[in-house]
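Q: I am new to this structure. Please show me how to read its features, one at a time.

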Amino acid sequence: MWMPLVDRLLGLLFPERCCACRRSGAALCMPCRGALEPYNDDIPAALVLQHETRILYVYDQRLRAAIHQLKFRRQRRLARPLGELMALACDAWQPDVDAIIPIPLHAARQAERGFNQAEVLAAEVARQHRVPLIGEKLQRVRATRQQARLNTAERADNVAEAFAWSVADPPPRRILLVDDVLTTGATMAACTAVLLAAGAERVSGLALARSRLALRPANNPAIHTLR
């Protein structure tokens, strides 16, 4: 009963500021959300096994500020607005899935960070769309180097055999994999292959952002579909 009052009082004493522009009022303000540029370039070839792949936005300064604060400064309050952006995209997409699975972190990395950023984003999507969230059965069983420091071939080698479906029961038939930032797609591709090998019939992918490559016209959306 007291917590909403405490939250309101703290909001008055320490007003929320946008992580991108520093306006008061929200962790990621509506003007900054509205200024995000839809991602319209090609989907990475590594994700050919996915039924569908959607990347929402160009990884610009606004999203970089938000995601870096979430991941590296442990600002979990940013999971709500970022997860809302992903959930809104699913309102229009309406993916036909039985469960949502976040890209896992290795246990050591998660212990160091305190949480898995993909999981807190996926939890928001799962909550708003009332789809089960499975957060522990797909595991990263081998510690890997940071992908950001590697080239395309090194990224694929880095995550080879790094993931496993950790239980005897097969995964749900139709899965939505969720991650924050996608680059070459090597990590999501490795997770997709593991889930299909374990018995999933269809795996789709959703990423919040990807770095700009050479954006194509807006009528060529970043949607890959296997039919």
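Q: Let us start with one side chain. Which residues does leucine 82 touch, leaving out those up to four places away in sequence?

A: Contact means heavy atoms within 4.5 Å. Counted that way, and without residues up to four places away in sequence, leucine 82 touches Leu28, Leu63, Ala66, Ile67, Leu70, Leu121 and Leu208. This is a predicted model, where local features need pLDDT of at least 70 and side-chain atom pairs count only at pLDDT 80 or more, while totals for chains, interfaces and linings use all residues. Residues are numbered from 1 along each chain as its sequence is written, and side-chain values use heavy atoms, with hydrogens and water left out.

Q: Which residues touch the most other members of the largest nonpolar core?

A: A nonpolar core is a set of buried Ala, Val, Leu, Ile, Met, Phe, Trp, Tyr and Cys residues joined through side-chain atoms within 4.5 Å. Buried means under 20% relative accessible area, exposed over 50%, and partly exposed in between (1.4 Å probe, protein chains only). The largest core here has 36 residues, and Leu82 and Leu208 touch the most other members. At least two residues each come from strand E1 (52–58), helix H3 (61–72), helix H4 (79–93), helix H6 (117–129), strand E5 (174–181) and strand E6 (202–210). Helices (H or I, at least four residues) and strands (E, at least two) are DSSP runs, numbered from the N terminus. H4 gives the most to this core, 7 residues. A second, separate core has 27 residues, among them Leu47, Ala99, Ile134 and Cys191.

Q: How do H4 and H6 pack, at what angle and how far apart are their axes?

A: Two packed helices are described by the angle between their axes and the distance between the axes. Axes are lines fitted to C-alpha atoms, for helices over the stretch in contact, and angles run from 0 to 180 degrees between N-to-C directions. For H4 and H6 the angle is about 50 degrees, and the axes are 8 Å apart. That makes H4 oblique to H6; angles under 35 degrees count as roughly parallel, over 145 as roughly antiparallel, 65 to 115 as roughly perpendicular and the rest as oblique. H4 passes H6 in a right-handed crossing. A crossing is left-handed if the near helix is turned anticlockwise from the far one by less than a right angle, and right-handed if clockwise. Residues of H4 in this contact include Leu82, Met86 and Cys90, and those of H6 include Leu121 and Val125.

Q: Where is aspartate 179, and is it buried or exposed?

A: Aspartate 179 lies in strand E5. Its relative accessible area is 11%, so aspartate 179 is buried. Leaving aside neighbours within four places in sequence, aspartate 179 is in contact with Met86, Ile103, Ala118, Met188, Leu206, Ala207 and Leu208.

Q: And how many disulfides are there?

A: A disulfide is a covalent bond between the sulfur atoms of two cysteines. The rule used is a pair of cysteine sulfur atoms within 2.5 Å, and the count comes to 0 disulfides. The sulfur of cysteine 19 has its closest cysteine sulfur in cysteine 18, 5.0 Å away, which is too far for a bond. Cysteine 19 counts as buried because its relative accessibility is 7%. Cysteine 191 also counts as buried, at 0%.
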